[in-house]
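Let me put the structure up and then walk you through a few spots.

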Amino acid sequence: MFHRTKTLVAALAASTMLSSALFAGELVINTDTSDPAPKAAFEALIAGFEAENPDVSVTWNLFDHEGYKTSIRNFLTADAPDVANWYAGNRMLPYVNAGLFEPVDDVWDDNGLRDSLASAEGSMTIDGQIWGVPYTYYQWGVYYRKDIFEANGIAVPANWDDFLAAGETLKAAGVTPITIGTKFLWTAGGVFDYLNLRTNGYEFHMALTKGEIAWTDDRVRATMENWKTLIDAGFWIENHAAYSWQEALAPMVQGDAAMYVMGNFAVAPLREAGLTDDQLGFFQFPVINPDVPLAEEAPTDTLHIPSNAKNKEDARRFLAYVARADVQTQINETLGQLPINSGSSVGDDKFLQAGYEMLSTTDGGIAQFFDRDAPAEMAKAGMEGFQEFMVNPDRLDTILERLEKARGRIYQ
Amino acid sequence: MSTYWKKNQQKLAPWLFLAPGIFMFAVYVIIPIFQSVNISFYAWDGLGEAKYVGMRNYVEMIDDEAFFTSLKNNVIWLLLYMLAIPAGLFVALFLNQTVRGIRIYKSLFFFPFVISQVVVGLVFTWFYDPSFGILNILLMSIGFEPIAVLADEDFATYGIIAAGLWPQTAYCMILYLTGLNAVDPEQIEAARLDNAKGFKMLWYVILPQLKPATFIALVVTIIGALRSFDLISIMTAGGPWGSTRVLAFYMYEQAFSEYGFRMGYGAAIAVVLFAIMMVYIAGFLYKMYRDEKGS
C-alpha cells in the first residue's frame, strides 16, 4: 500500500513537473525580424532574457517580412505564440478590434512604463487601453550626399526656397536632385507624409489619414501643388516606378542623385555600398509653411501578447524585460535605431544622434507612417495614387476624386 | 437489405467506386465554390464578424476602375497568349529534323519551361531594366530613347505577356514535337506524289494530323493565360498604379495582400472570374462530350 502511494506521488510530481516545463517555462515568440541586424538584435535579446530567467526556455520562430503579414492573421487565431511583433498606430487596430491582442496596462503600471515609455503611449493606446510594448523607432528625413553638396557649394537647405534652389544647382551640375523607387508604393507615401506635414501640419495630416477630411480639400491640393513643383522641376529620377527602394539607392551611391527621402534603415545599405560618413549626411525635411510646427515621421515597432497565448505570465515578464532602459539601449545599438525608453542611451552613430536630437525636440507631433496612420485599404489606394501622380501630375483631379470615393467607402 | 443489394448491385457499384473521388471533389472544389459565392455577399475582414451587405460588393465592382482595368488585361492576356501556339509550331517544325546534336537544341529550346516562372520574371525584369537592361542598351545603340517597359502603363502588360510567352512557346513546342512524331509518313509520301509542298503541305496534310496536339496546346495556353499570377507579382506587383493587374491578381490583392483583407469583395471578383472561365469550361466539356459520343 505504502509502496503504491509512493509511486502515485512520484507520478504526480513527475507530471506536474512535466506540465510546468511545458506551460510555465516555455515561451514562444514569433517575429519577422529576419534582416541581419534585427535578427542579431533579437538573438541577443532572447539570450539575455534566458540568462536572467533560467526557468524559461524561449522558442523563437522567425518569419520573412512579407509572409509574416499574412501568417500573423492565421497564428493569432489558430496557434497563437506568447509574444509577437507588430507595429503601433492604426496598423494594430484590426487585431485589437477583433480581440486578438491582450491589453497590457498592468505591465506598464507595474514597471513604471507610463513614465519611461511616455513618448509612445499615445500610439500604443486604443480605447483607453494599452496593447503592447514598443522597443524601437527610427527617424525619417532627407539623406544626402554631403560631398556632392559641398562640391557644388550648397548649404543644407532649411526652407522650401533653399531646397528648390539646391535642386536647381544640382541639376545644373548634372545631378538628379532626389532618388526614389516607387515600385512598391510606400516610398511615395513617405514623401506625401512629409509634404503634407510641412504644408498643413500634424493635426491636419492625422485628420486626413483618419478619414475626417476630404481628399478633394483645397489643403490637400496645396500639398500636391508643392509636390508638383518638384515634379515639374525634374527633381525625381526618371523611371522610378520600375525600382524598389533598394534599387533606387544605386544612383545615390554612384553620385547620379544627391538626396533620398527615407527612413534611417537606408544608412546601412548605403554604407555597405561604400559611402563613408564624410560622403553621407542627414537633414530634417525643410520647412514649407513657416506657420506650421515641425512634425516628424518616426515609425515605432512593438511587441504584443496575443489573447490566445498559452504562457501569458512569462510573456509579461518578457515585455517588461524588453521595456527596460538597459535592454533597449543594447538592442537599438545592434538595430542601429532609437530606443523608446527615456532612460536608454543612444548609440554614438552620427545618424542616430541626429535623429535623436531631431525627434526629442520635435514640437509638432510624431506621425507613424502613411500606411500605419491610415487604414490599410486607404493606404493602398492613396499610395497607388501618389505613384500615378508622380508620373502623370496632370491627372491630379482624377486621382483625388478616386481617393475621395475610396474614403467614402472605407471609413463608413 | 441483401435482396435490395442483389437487385441493384449493377447500379450501385459504380457509385461506390466513385464515392471517394466524389467526396474529395465535393469538399475541395464544389463546396468552396458555393462558399465563395456566399462570402461575396458579405463584408468581412477575415477576423471579425461578417456583415451581410447583399449585392453591394457587385454594385461597387461596376463602379470600380481597377476591376475593369483587370478585366481588360485578362482579355489582352487571353488573346496575345495564343501567339504561343503558332510560335511553338514554328519552332517545332524547325527542330523536327535529324541533325547531329538536335537533342541538345531541343532541350535548350525547352529550357524556359523547366525553370520557375519566378526566375523567368526576374530575368525579364532585368532585361527591361531602364538603366542596365539589355533591351534598352540595344535601343540606345540604335539611337532610341530608353523605355522603362515595366514602369509605363502602356507597355507594362505587354512586357509581362512577352515574358510569359517565352516558357509558353516552349511548352507548345514540345507538344507539337511529340505530335510530329506521330505524323503518318505514308500520307506525306502520298501528298508528295500529288505535288504538295511548302505551306499547302503544312496546312492540308500535317496540321490536320496535329489536331490533338493543337487542342491540348490551346487548352494549356488558355489555362496559362488565366493563371498568369506569378509573373505579374514578380515583375510589377500589379503596378504601375495597378495598370497590370489581372482579375486573379486583383482578387488576391483585395482578399489576402498586406493592404487587403476584404474577403467579400475578393470573393465577388473570384465569382466573376469563375463565371468567365465557366464559359470556356462549358465549351470544353461540350466538345469532350461530343467527341466521346461520336466514337
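Let's start with B:Phe23, which counts as exposed because its relative accessibility is 54%; exposed means over 50% relative accessible area, buried under 20%, and partly exposed in between, with a 1.4 Å probe and protein chains only. Before I go on: this is a predicted model, where local features need pLDDT of at least 70, side-chain atom pairs count only at pLDDT 80 or more, and totals for chains, interfaces and linings use all residues. Residues are numbered from 1 along each chain as its sequence is written, chains are lettered from A and ligands numbered from 1 in the order written, and side-chain values use heavy atoms, leaving out hydrogens and water.

So, B:Phe23 sits in helix α1 of chain B, residues 2–39; helices here are DSSP runs of H or I, at least four residues, numbered from the N terminus.

B:Asn57 is buried, at 5% relative accessible area. Beyond neighbours within four places in sequence, B:Asn57 has contacts (heavy atoms within 4.5 Å) that include B:Ser40, B:Arg262 and B:Tyr265.

Over to chain A. A:Met383 is in helix α19, residues 376–391, and is buried, with 0% relative accessible area. And what does A:Met383 contact, leaving aside neighbours within four places in sequence? Among them are A:Leu185, A:Trp186 and A:Phe370, plus B:Tyr259 from chain B. A:Leu76, meanwhile, is 307 residues from A:Met383 in sequence and 28 Å away, C-alpha to C-alpha.

Technical notes. Helices (H or I, at least four residues) and strands (E, at least two) are DSSP runs, numbered from the N terminus.
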